[in-house]
Amino acid sequence: MADQHLYYIFLILLFPLSLLLFLYVVVRPRPVKIPIKDRHVFITGGSSGIGLSLAHLAASEGARVSILARSRNKLEEAREGVRLATGKEVAIFAADVRDFEAVKKAVEEAGPVDVLIVNQGVFVPQELEKQELDEVRFMLDVNLMGSFNMIKAALPAMKEARKERGPASIALMSSQAGQVGIYGYSAYSASKFGLRGLAEALQQEVIADNIHVSLIFPPDTDTPGLEEENKRRPPLTSIIAASSGAMKADDVAKKTLNGIKSASFIVPCNFEGLLLSIATAGLSPQRSFLMAYIEVVAAGILRIAALCFQWNWYGSIEKWHAQSSKYLRK
């Protein structure tokens, strides 16, 4: 009987060990480290919020930093702030990411990029039925097409410089709204979900050139943009999104840069983001066989949790509309 118990214990232990070994063999791309010191880090949306925090952080780690945004005045203020805080000079470029020729000129002037952080973003929350199509186009043009413009402008020189300069990174700033759709986020989520498709396909296209793609998923972040967003948020959006707390821009920047340095494809910024990343792993590349193991083991459990969240969200929507109808009848 004791031998039989030992046999069952052996089988129980054998499965996870065999799964770990299998994942170690099949997980691609392989792990790699992206250095920051003495590298050229180019950040869009770098004059405020997460982008500015990233500029401070990269400069403090010894990078040569360039930042791009639309407002030259804000860029000047950002440059002075980084210089006073770190003693490092930052190159600034005033351009609109929707203008390919403008960003191409900026990138050419800045020189070959080692770490491109595509961070620009705009968000105007509203139900699609009520939102003007001009606002929808604005979000899609800045968040999605602007990312295409930046990457296409920077990629040729990035690829050319790899033989001499080592591994490079392209990081795309998505959002937790790029992992799960939320009421009032139709246009914004569409633009951020699109970044995932771009990132997954792009990684396959540039892996042979030693360029590694990261996709960042921050929650609400305490920035000037969040203040404006909250003024227009539909009440139902606030109810559904209430479970997700806001992070400081500096904390998101630290998570982002650490994810870039480890060449992680998916970079969550808090515990909720980690759970979302596991739940939505799908066919995304994964460099860590240990993280791949967690994704495989936890997938079913997190699907149950996701269905419970959906039950709660749709319950809130039904309750809201029922109360609104009752109020209108009065």
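Trainee: Which is Ala-263, buried or exposed?
Mentor: This is a predicted model: local features need pLDDT of at least 70, side-chain atom pairs count only at pLDDT 80 or more, and totals for chains, interfaces and linings use all residues. Residues are numbered from 1 along each chain as its sequence is written, and side-chain values use heavy atoms, without hydrogens and water. Buried means under 20% relative accessible area, exposed over 50%, and partly exposed in between (1.4 Å probe, protein chains only). At 2% relative accessibility, Ala-263 is buried.

Trainee: What is the phi of Ala-263?
Mentor: Most residues other than glycine have a negative phi. Ala-263 lies in the loop between α10 and β9. Helices (H or I, at least four residues) and strands (E, at least two) are DSSP runs, numbered from the N terminus. Ala-263 is not a glycine, yet its phi is positive, at about 60 degrees.

Trainee: Asp-38 has a positive phi too. What is its relative accessible area?
Mentor: Asp-38 has a phi of about 65 degrees. The residue lies in the loop between α1 and β1. Asp-38 is exposed, with a relative accessible area of 63%.

Trainee: Which peptide bond is cis, with omega near -5 degrees?
Mentor: Most peptide bonds are trans. Look in the loop between α1 (2–26) and β1 (40–44), where Pro-29 is found. The cis bond runs from Arg-28 to Pro-29.

Trainee: How many charged residues are in the lining of the second largest pocket?
Mentor: About 430 Å³ of space lies in that pocket. Of its 23 lining residues, the closest to its centre are Ser-262, Ser-264, Ile-266, Val-267 and Pro-268. On a 1 Å grid over the protein atoms alone, a pocket is an open set of points with protein on both sides within 12 Å along at least five of seven lines, and lining residues have an atom within 4 Å of a point. Eight lining residues are polar, 11 are nonpolar, and the charged ones number four.

How values were computed: On a 1 Å grid over the protein atoms alone, a cavity is a set of points where a 1.4 Å probe fits but cannot get out, and a pocket is an open set with protein on both sides within 12 Å along at least five of seven lines; lining residues have an atom within 4 Å of a point. Grid points are joined across faces, edges and corners, and a volume is the space filled by probe spheres set on the points. Ala, Val, Leu, Ile, Met, Phe, Trp, Tyr, Cys and Pro count as nonpolar, Asp, Glu, Lys and Arg as charged, and the others, Gly among them, as polar.
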